[in-house]
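I opened a new notebook page for this chain.

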Amino acid sequence: MLASGALAAEAEHAGHAEHAEAVELAPMVITGVGQQSPLTVVTDPKIPRQPMPASDGADYLKTIPGFSAVRNGGVNGDPVFRGMFGSRLKLLSNGGEMLGACPNRMDSPSSYISPDTFDKLTVIKGPQSVLWGPGASAATVLFEREPEQFSEPDYRLNGSLLTASNGRFDRNLDAAAGNSQGYARLMANSSQADDYADGNGDTVPSRYDKWNTDIALGWTPDADTLVELTAGRGDGYARYAGRGMDGSQFQRESLGLRFEKTNLGETFYGLEAQVYYNYADHIMDNYSLRDFVPSMMMPNPTLSRVDRRTLGGRLVGTWQWTDVELKAGVDAQRSEHRKVMNPAGAANQMVTAAGSDALPWVPDAMLHSYGVFGELTWQLSEREKLISGLRLDLHEATDEREFFRSHDASSMPIVSRNWDNPTAGETRRDTLYSGFLRYEEELVSLPATWYAGLGHAERFPDYWELLFPIPARWARCNPSTRCGRRRPRSWTSACNTQRGRWRPGFPPMPAWSRITFCSAMCPA
Ligand SMILES: [Cu+2]
């Protein structure tokens, strides 16, 4: 843009010798989200912006400097911050974590977030906070809804409609009513778009439709106390141009309860407690949203259904002294992943059963984490601050797959078959540390702050890394443990692992965070 503008100005300049001195470019307006404080960006996701984001969290985050997204059709992208994605980004909605179920990450955590329905978006860059759970080596992203504040009986109503080319149509309603003692809030939204046509006029599959409904009931007996109960549901579908299957169901169920109390006393100032439950039930298939075309890997209409149930909670206390503030607490999370399995050799039963519960759910992974953390802010002087944090996490993951089903590339045509799981029933445990130290100083001569920070984050491998469905090339040798154990070197080198460690009993996945996502880089 700049280059072409300069060239145009240059051409004009040649024809008008009298203006030889000055080259004037058309004014350009650049908008962006400003930093709230060093390393923290806070914005209101309800503010309209250009380019118009898609209806998910990833496409919204893409408008903040430093973020990009792995696009995934029209919607349901996966956010990337400074080149890191997946579980390196701690993405929380209302303080709770909504983990997706799809083994191919069609439903990344951000895909369950409709930014319009939140009041505040906070991004804490790098491992510079330990308050929000383990492993956030890239950044912590908080989508939050703030409590309603009514001093007398009143209500408010916000609604918006958005329409654009390619059938884009969004509806959004946010209503609340209450008084000084409490409130009720309803948030409902839906978003849809059609396929688009590329430059050649060919249709590119990108159609989607999704909806969310959430309610919040708050009790505020006094100005320093809040008890809030939240519940929500959502669903949708999305067509993909770059995948062998489309996402035909993205069902979400959420429940949450939080308690906040401030002004408790001189030193022990505040207490926050929260529990949350998030459930994702995802279906993908290769026939309901596209014309079925047999392929080598999927010669028949195929459907896959997975779910994930995440239960978590945290308890945080705030202590204040003259120049020092301490936030310390504990958190825990339990997450179970399951899938619906066909009886062996009966591909069509899944298709017949579709979204019903005719076939049994089979658990394949159980993950637990327990953490204790503390973050200290020390006001050294009027303009200087020292902030530090430390957290310790206990992680546990159990491989619940008795066998796994994958393609057998040694036969032609390729067939799907069951492989023994050499790590069936095994549990991996790790104790990991994270911490940071940061010095900040506001300058006297300039309206600026400089800071220097050092952070360290250790991350336990996530579901996708630990229990990734074994790809065909791998499956050929994987059932033999001997062969599986020889693999780590090639795997870790392919993934550019730093300090990767192979634990017997699990596919070789490093426990440290500074690596790229491995699933796309399986050894040949
Ligand atoms: Cu999927």
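My entries follow, going from the whole chain to single residues.

**Entry 1: ground rules.** I noted that this is a predicted model, in which local features need a pLDDT of at least 70 and side-chain atom pairs count only at pLDDT 80 or more, while totals for chains, interfaces and linings use all residues. Residues are numbered from 1 along each chain as its sequence is written.

**Entry 2: confidence.** I looked up pLDDT, the predictor's confidence in each residue, from 0 to 100. The chain averages 82, and 81% of the residues score at least 70. I marked residues 1-15, where pLDDT stays under 50. I also marked residues 471-524, where pLDDT stays under 50 as well. For contacts I used C-beta atoms, placed from the backbone, within 7 Å. Beyond four places in sequence, the model has 9 contacts for residues 1-15 and 90 for residues 471-524.

**Entry 3: the whole chain.** Helices (H or I, at least four residues) and strands (E, at least two) are DSSP runs, numbered from the N terminus. I found 7 helices and 26 strands. A residue is buried if 20 or more other C-beta atoms lie within 10 Å of its own, exposed if 12 or fewer, and partly exposed in between. Of the 524 residues in the chain, 36% are buried. Among contacts between residues at least 6 apart in sequence, 62% join residues at least 24 apart.

**Entry 4: cores.** A nonpolar core here is a set of buried Ala, Val, Leu, Ile, Met, Phe, Trp, Tyr and Cys residues joined through C-beta atoms within 7 Å. The largest one has 45 residues, and Phe 81, Leu 89, Ala 139 and Val 141 have the most contacts inside it. Strand β9 (residues 139-144) gives the largest share of this core, 4 residues. I then listed what Ala 139 touches, leaving out residues up to four places away in sequence: Phe 81, Leu 89, Val 123, Ile 124, Lys 125 and Gly 126. Another core, of 6 residues, lies apart from it and includes Ala 54, Ala 193, Tyr 208 and Tyr 240.

Entry 5: Two strands pair if DSSP finds at least two bridges between them. Three strands form an open, antiparallel sheet in the order β3-β4-β5. Its edge strands, β3 (67-70) and β5 (84-85), each pair on one side only. I counted 4 bridges between β3 and β4 (residues 78-81). Phe 67 stands opposite Phe 81 in β4.

**Entry 6: β20 to β22.** β20 (residues 324-340) pairs with β21 (residues 361-379) in the antiparallel sense over 17 bridges. Lys 327 stands opposite Glu 375 in β21. β21 also runs antiparallel to β22 (residues 384-399), with 15 bridges, and a hairpin joins the two through 4 residues. The bridge partner of Ala 365 is Asp 399 in β22.

**Entry 7: loop residues.** Asn 94 is not a glycine but has a positive phi of about 55°. Asn 94 sits in the loop between β6 (89-93) and β7 (96-97). Is Asn 94 buried or exposed? Asn 94 is buried, because 21 other C-beta atoms lie within 10 Å. Asn 263 also has a positive phi of about 55°, in the loop between β17 (246-261) and β18 (268-285). Asn 263 is exposed, because it has 11 other C-beta atoms within 10 Å. Gln 50, in the loop between β2 (40-43) and α2 (57-61), counts as exposed with 7 C-beta neighbours inside 10 Å.

How values were computed: Two residues are in contact if their C-beta atoms, placed from the backbone, lie within 7 Å.
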